[in-house]
Amino acid sequence: MERKMNEQELLASFDEALQQGHIYVLYQPKINHSTGRMIGAEALMRWKHPIYGTQYPSDFIPVLEKNDLIYRADLGVFQAVCRFLRNCLDDGVKPVPISVNMSRHDIFRKNYVDEIEKLRVKYDIPTKYIHTEMTETSAIGGMELVSGVLKQLHEFGYIVEMDDFGSGYSSLNVLKDLEVDIIKLDMRFLSGNIGGRGGTIITSIVQMAKWLGTPVIAEGVETMEQADYMKSIGCNYVQGYLYSKPIPEEAFRQKLTQLEHEPLKPSMDLIQTMDAGKFWNPESLETLIFNHFVGGAAIFTYQDGKVEVLRVNKKYVKEMGMNMIEQDILDSDPWHGFDDENRKIYENMLKRAIHSREEETCETCRTICSKICGEDKIYIRSYVRMIGSAENQYLFYAMVQNITMEKQQYLALYDSERRFRFASEQANVYAWEYTIATRQMRPCFRCMRDLHLPPLVENYPEPAIEVGIFPADYADMYRDWHRQLEQGTEYLEAIIPLTVGRVPFHVRYTLEKDENGNPLKAYGSATLVVDK
Ligand code: C2E
Ligand code: CA
Ligand code: CA
């Protein structure tokens with residue numbers, strides 16, 4: 001007479017069920033879908049009544065929870081798992097880590113963690129073979145309580161998996177506050193087509209988890225399509241009917257001997273210096289730095305030629321110009337606007353950065369379109385550094401500088417410059433143009449080449465003083481020249497020992513004024529003083 005038992009019946013037969021083994025454990029393997037190897041298993045509670053037959057966890061667990069009995073059942077499961085692991089170890093069967101579910105009611109019990117620890121010690125099981133699973137809804141009972149239990153579990157050395165991630169209760173906030181070691185993402189919460197909204201959510205969870213360095217296990221995986229999809233977004237670990245239903249102890253033990261095992265690895269080896277957890281917290285110092293101090297910056301992943309931008313800061317948007325918002329950039333195809341040649345330049349830089357693990361740089365040109373400004377070419381200097389990698393996926397940190405102005409001026413200059421280059425080369429003349437109103441200086445080709453100046457120098461003459469082209473003892477005099485030019489002095493000259501070598505040069509300025517007599521530009525030159 002198989003049927004679902006009511007509350008009274010369940011309560012009346014609970015003690016006997018525990019003692020007689022009517023409450024027992026099934027094991028469901030967790031598999032690396034890329035390799036087919038087993039990485040662990042979950043212990044799932046079953047109750048088979050001698051008369052009424054199989055009772056389902058979704059029916060009896062709430063009853064046990066309500067009546068404050070679940071901890072006894074859970075300790076029973078924990079003990080059964082310890083006993084199983086002990087037998088395996090004794091018989092030379094190499095086990096995998098088994099995860100045991102923790103009800104949120106267990107968390108509310110003061111000594112629960114001590115109790116499981118006692119069992120583990122009694123059976124002498126290395127902690128690495130036992131994981132605990134707690135659901136994010138546990139946090140409803142109070143964050144402090146849960147983080148206290150989590151801390152205790154960590155102190156004893158248990159790996160903690162967050163069960164049913166994404167099932168509701170502000171998952172992201174929970175993740176921010178609870179440092180769990182593994183995230184379990186239930187495919188069934190994201191029902192429907194994986195290409196749609198559900199897929200987008202999964203993808204961003206997996207990506208975010210990667211960034212945190214937290215591995216993700218997809219559970220409830222029933223089809224090859226689902227498993228392949230998860231793999232394609234960088235989540236290789238799956239648990240579900242596709243590989244195996246929950247199976248009895250004996251059958252599972254068989255599987256342990258038949259299937260190869262492998263350890264579960266963090267999803268990404270983050271380069272240590274960066275605290276990824278803090279990075280996602282909008283109030284953290286890292287975020288503040290990201291937004292305010294580093295200039296234009298972006299975080300993106302690179303895999304098989306595909307780039308996915310995860311995050312950009314405000315200055316990045318500004319630097320790229322046009323009237324875009326952060327979301328526009330995240331939504332658009334990152335390669336859009338690159339022609340083949342520039343894409344190659346950029347990808348080569350990424351490859352260099354993957355190998356060198358150092359900062360690498362390049363300059364590329366892209367076409368940018370926007371609703372208001374139409375089409376435009378921009379030149380971007382990028383500095384990138386790889387900050388994480390997982391198999392063939394790489395995480396990059398990029399800083400960008402818009403060098404369009406510089407570049408255009410350089411190109412224009414280059415043309416006219418070419419004509420004068422030969423002459424100036426002969427005459428040993430360095431020449432530059434100084435714009436009074438903007439304090440910008442444009443050097444000649446020789447200046448750029450010999451003195452390593454960029455095509456456009458802002459806040460002149462400070463940078464030239466700073467790098468020692470004009471030595472310290474002449475700095476004030478040279479600054480004063482620019483003040484005089486501003487006030488209309490038409491001609492200035494002096495012998496100045498330039499650069500660290502203090503090579504004497506004859507430096508001159510002539511001023512150009514506009515039709516009203518206001519100073520406009522000054523033309524500077526420096527000629528080598530040759531001893532006669
Ligand atoms: P859970 O922890 O999320 O466990 C996963 C559930 O998904 C299990 O249901 C498992 O049999 C089922 N499942 C696995 N793969 C697939 C699949 O491909 N498709 C579908 N449709 N289902 C799949 P189960 O064993 O009925 O357990 C239900 C829930 O009961 C568990 O959800 C867990 O919350 C609770 N539970 C199970 N065992 C224990 C236990 O020992 N202690 C406590 N406190 N709760 C437990
Ligand atoms: Ca579970
Ligand atoms: Ca689950």
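# Space and ligand in a predicted model

Q: How much space lies in the largest cavity?
A: About 40 Å³ lies in the largest cavity. This is a predicted model, where local features need pLDDT of at least 70, side-chain atom pairs count only at pLDDT 80 or more, and totals for chains, interfaces and linings use all residues. Residues are numbered from 1 along each chain as its sequence is written, chains are lettered from A and ligands numbered from 1 in the order in which they are written, and side-chain values use heavy atoms, without hydrogens and water.

Q: What makes a space a cavity, and what makes it a pocket?
A: Both are sets of points on a 1 Å grid over the protein atoms alone. In a cavity a 1.4 Å probe fits but cannot get out. A pocket is an open set, with protein on both sides within 12 Å along at least five of seven lines. Rolling a probe the size of a water molecule over the atoms shows where empty space is left. Grid points are joined across faces, edges and corners, and the volume is the space filled by probe spheres set on the points. The structure holds one cavity of 30 Å³ or more.

Q: Which residues count as lining the largest cavity?
A: A lining residue has an atom within 4 Å of a grid point. The lining includes Lys 30, Ile 39, His 131, Glu 161 and Leu 264. The strand β2 gives the largest share, three residues. Strands are DSSP runs of E, at least two residues, and helices are runs of H or I, at least four, numbered from the N terminus.

Q: How do the classes divide in that cavity lining?
A: Six residues are nonpolar, three polar and two charged. Ala, Val, Leu, Ile, Met, Phe, Trp, Tyr, Cys and Pro count as nonpolar, Asp, Glu, Lys and Arg as charged, and the others, Gly among them, as polar.

Q: What is the volume of the largest pocket?
A: The largest pocket has about 1,100 Å³. Of its 40 lining residues, Glu 42, Leu 44, Pro 57, Ile 61 and Asn 101 are closest to the centre. The lining has 15 nonpolar, eleven polar and 14 charged residues.

Q: Which residues come nearest to ligand 1?
A: Arg 46, Asp 74, Arg 188, Glu 222 and Tyr 241 do, of 21 around ligand 1. Near means a heavy atom within 4 Å. β2 gives the most to this shell, with four residues.
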